[in-house]
Amino acid sequence: MDHEASETTLRFVGTATTLLDLGPFTVLTDPNFLHQGQRAYLGKGLFSRRLTEPALQPEDLPRLDGVLLSHLHGDSGSGASTSPRG
């Protein structure tokens with residue numbers, strides 16, 4: 001994204017996933033790109049089912065300066081969520 005150094009924007013992707021433009025830096029929080037109906041293991045025998053499609057797909061993301069994982073369940077930081085992109 002092209003933006004002013006002082007511009008801050010937040011784009012909700014879904015669940016805990018957000019895309020933050022913080023001046024010159026772009027950060028993705030809690031990446032979760034499961035599709036609607038897919039299940040994620042949360043631990044201790046608990047599962048969660050995705051109710052909606054994410055607003056963005058990994059291939060739609062801009063170049064990231066960082067990724068923040070606020071928690072580590074099966075709904076973030078796994079599979080396509082953390083695969084390196086060229």
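Predicted model: local features only at pLDDT ≥ 70, side-chain atom pairs only at ≥ 80, totals over all residues.
A polar contact is a pair of N or O atoms within 3.5 Å.

Four strands form an open sheet, in the order β1-β2-β3-β6. The pairing is mixed. β1, residues 8-14, and β6 are the edge strands, and each pairs on one side only. Direction ignored, neighbouring strands of this sheet are turned by 20° against each other on average.

Now we walk across, pair by pair. β1 and β2 come up with six bridges, in the antiparallel sense. Gly 14 has Thr 17 in β2 as its bridge partner. These two strands form a hairpin, with two residues between them. Thr 15 sits in that turn, and its phi is positive, about 45°.

Next step: β2 to β3. Five bridges join them, and they run antiparallel. Leu 19 stands opposite Leu 28 in β3. Leu 20 faces Val 27 of β3 as its opposite number. Here too there is a hairpin with two residues between the strands. Gly 23 is in the turn, with a positive phi of about 60°.

In which sense do β3 and β6 pair? Parallel, over three bridges. β6 covers residues 66-68.

Five of its six residues are buried, so β2 is largely enclosed by the rest of the structure. Then β3, residues 25-29. Four of its five residues are buried, so β3 is also largely enclosed by the rest of the structure. Buried here means under 20% relative accessible area.

That brings us to a residue I want you to look at: Asp 21. Asp 21 lies in strand β2, residues 17-22. Asp 21 is buried, yet has no salt bridge. Where is the nearest side chain of opposite charge? That is Arg 11, 8.3 Å away. A salt bridge needs the nitrogen and the carboxyl oxygen within 4 Å. So what does the side chain of Asp 21 make a polar contact with? The side chain of Thr 26, at 2.9 Å.

Now for the contrast. How many salt bridges does the structure hold? One. Side chains of opposite charge can pair when their charged atoms come close. Here, Asp 65 forms a salt bridge with Arg 63. Their closest N and O atoms are 3.4 Å apart. Are these two residues buried or exposed? Arg 63 is exposed, because its relative accessible area is 69%. Asp 65 counts as partly exposed, because its relative accessibility is 41%.

Asp 21 is buried and has no salt bridge, but its side chain makes a polar contact with that of Thr 26. Asp 65 is partly exposed and forms a salt bridge with Arg 63. Find both on the structure above, and then trace the sheet order, β1-β2-β3-β6.

How values were computed:
Residues numbered from 1 in each chain as written. Heavy atoms only, no water. Buried < 20%, exposed > 50% of the residue type's maximum accessible area, 1.4 Å probe, protein only. Lys, Arg positive; Asp, Glu negative; His and termini not counted. Polar contact = N/O pair within 3.5 Å; in protein donor to acceptor, adjacent residues only side chain to side chain. Pairing = 2+ DSSP bridges. Axes fitted to C-alpha atoms, helices over the stretch in contact; angles between N-to-C directions.
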